Amino acid sequence: MSPVVATVAELERLALLLHTDPAELSYLDRFDAGALRALRTALVPHVLGGHRTAYRRIAAASRLLPVKATAALAQKRMPPRPAAA
């Protein structure tokens with residue numbers, strides 16, 4: 001992957017995390033993909049931390065529900081990245 005493509009991909013991931021348009025973060029394109037990844041990784045606990053209780057409840061409920069129902073619930077209630085994990 002070229003450095004420019006990697007940077008654009010990280011900007012898109014950061015925009016998803018922050019629920020904003022990637023164009024709003026275009027001023028960050030001067031940084032390389034590694035720096036943007038580090039920024040995104042550092043922000044995740046702060047952005048998603050407020051929903052920790054909800055995530056724990058969903059995880060506990062997942063033991064009681066069929067896998068298909070748990071997946072549907074996660075996709076509707078969680079941001080894409082945690083739902084994919």
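**Helices and a surface patch**

Visitor: Which residues of α2 are buried?
Guide: In this predicted model, A33, L36, R40 and L48 are the buried residues of α2.

Visitor: And what about α1, which residues are buried there?
Guide: In α1 the buried residues are A6, T7, E10, L11, L14, A15 and L17. They pack against α2, which covers residues 33-48.

Visitor: How far apart are the end C-alpha atoms of α1?
Guide: They are 22 Å apart. Helix α1 runs over residues 3-18, and its 16 residues at 1.5 Å a residue should span 22 Å, so the two values agree.

Visitor: What span should α2 have?
Guide: It also has 16 residues, and at 1.5 Å a residue these should span 22 Å. The end C-alpha atoms of α2 are 22 Å apart, so this agrees as well.

Visitor: Where is the kink in α2?
Guide: At A42, shortly before the proline P45. The kink is about 25 degrees.

Visitor: Back to α1. What follows it?
Guide: H19 follows α1, and the phi of H19 is positive, near 55 degrees.

Visitor: New topic: which residues form the nonpolar patch on the surface?
Guide: L64, L65 and L73 form it, and together they have about 290 Å² of accessible area.

Visitor: Where is L73 found?
Guide: In helix α4, which comprises residues 67-77.

Visitor: Why is L73 called partly exposed?
Guide: Because its relative accessible area is 31%, and partly exposed lies between the cut-offs of under 20% for buried and over 50% for exposed.

How values were computed: Residues numbered from 1 in each chain as written. Predicted model: local features only at pLDDT ≥ 70, side-chain atom pairs only at ≥ 80, totals over all residues. Heavy atoms only, no water. Helix = DSSP H or I, 4+ residues; strand = E, 2+ residues; numbered from the N terminus. Expected span 1.5 Å × (residues − 1). Buried < 20%, exposed > 50% of the residue type's maximum accessible area, 1.4 Å probe, protein only. Contact = heavy atoms within 4.5 Å. Bend = angle between axes of the 7 residues up to and from the residue. Patch = residues over 30% accessible without salt bridge, like charges linked within 9 Å, V, L, I, M, F, W, Y side chains within 5 Å. Areas by Shrake-Rupley, 256 points an atom, 1.4 Å probe, with all protein chains shown as cover. Salt bridge = Lys/Arg side-chain N within 4 Å of Asp/Glu carboxyl O.
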